[in-house]
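Student: Hello! Could you walk me through a structure that I have not seen before?
Tutor: Gladly, let us look together.

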Amino acid sequence: MIMITGGAYQGKTAYAQAHFPYAVTDGAVCEFDEAKDAKILTNYHVFVRRLMESGIDAEAFTAALCKDNPECIVLLDEIGSGIIPLEKFERVWRETVGRAGCILAEYAHTVIRLVCGIPTALKGELL
């Protein structure tokens with residue numbers, strides 16, 4: 001598994017597509033079962049929100065994804081910085097995305113952080 005993280009609009013999808021000739025599955029709109037077979041899964045932070053809104057345990061789903069689809073390339077926005085939201089669901093969502101990111105990073109053989117389109121290997125080697 002490869003995890004690519006960073007802020008919004010930092011070039012994560014372009015980086016993944018430049019290095020891997022796979023179809024992209026958008027976690028913001030795909031069916032939950034589609035994610036289980038995805039080669040490149042973008043917007044995982046939005047996917048986590050959708051899982052939560054559907055009453056599905058996002059952390060358990062993430063752990064299962066890591067075990068069932070170990071070749072997946074998962075793109076996750078960093079959303080934990082900035083002003084703490086007033087609404088409880090928004091705070092819980094941010095925390096859950098952070099925990100999902102920790103699960104992904106634990107299972108991944110490579111973790112890449114992109115800032116301004118510049119990749120940095122946090123775990124493993126750059127592609």
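Predicted model: local features only at pLDDT ≥ 70, side-chain atom pairs only at ≥ 80, totals over all residues.

Student: How many disulfides does the structure hold?
Tutor: A disulfide needs two cysteine sulfur atoms within 2.5 Å. For Cys30, the closest cysteine sulfur is that of Cys72, and at 9.9 Å it is too far for a bond. For the structure, the number of disulfides is zero.

Student: Is Cys30 buried or exposed?
Tutor: The cut-off for buried is under 20% relative accessible area. Cys30 has a relative accessibility of 4%, so the word for Cys30 is buried.

Student: What is the bridge partner of Ile4 in β5?
Tutor: Strand β1 (residues 2–6) runs parallel to β5, joined to it by five bridges. Within β5, Ile4 has as its bridge partner Ile112.

Student: Which residue forms a salt bridge with Lys12?
Tutor: The closest N and O atoms of this pair are 2.8 Å apart, and the partner is Asp77. The pair links distant parts of the chain, with Lys12 in helix α1 (residues 12–19) and its partner 65 residues away in strand β4 (residues 73–77). The name you asked for is Asp77.

Student: Why are Glu53 and Arg49 separated by about one helical turn?
Tutor: These two form a salt bridge, with their closest N and O atoms 3.2 Å apart. Both sit in helix α3 (residues 44–53), and the separation is about one helical turn because they are four residues apart.

Student: How many residues apart are Glu59 and Arg99?
Tutor: Their side chains meet in a salt bridge at 2.8 Å, N to O. This pair links distant parts of the chain, Glu59 being in helix α4 (residues 58–68) and Arg99 in helix α5 (residues 88–107), and the number of residues apart is 40.

Note on methods. Residues numbered from 1 in each chain as written. Heavy atoms only, no water. Buried < 20%, exposed > 50% of the residue type's maximum accessible area, 1.4 Å probe, protein only. Pairing = 2+ DSSP bridges. Helix = DSSP H or I, 4+ residues; strand = E, 2+ residues; numbered from the N terminus. Salt bridge = Lys/Arg side-chain N within 4 Å of Asp/Glu carboxyl O.
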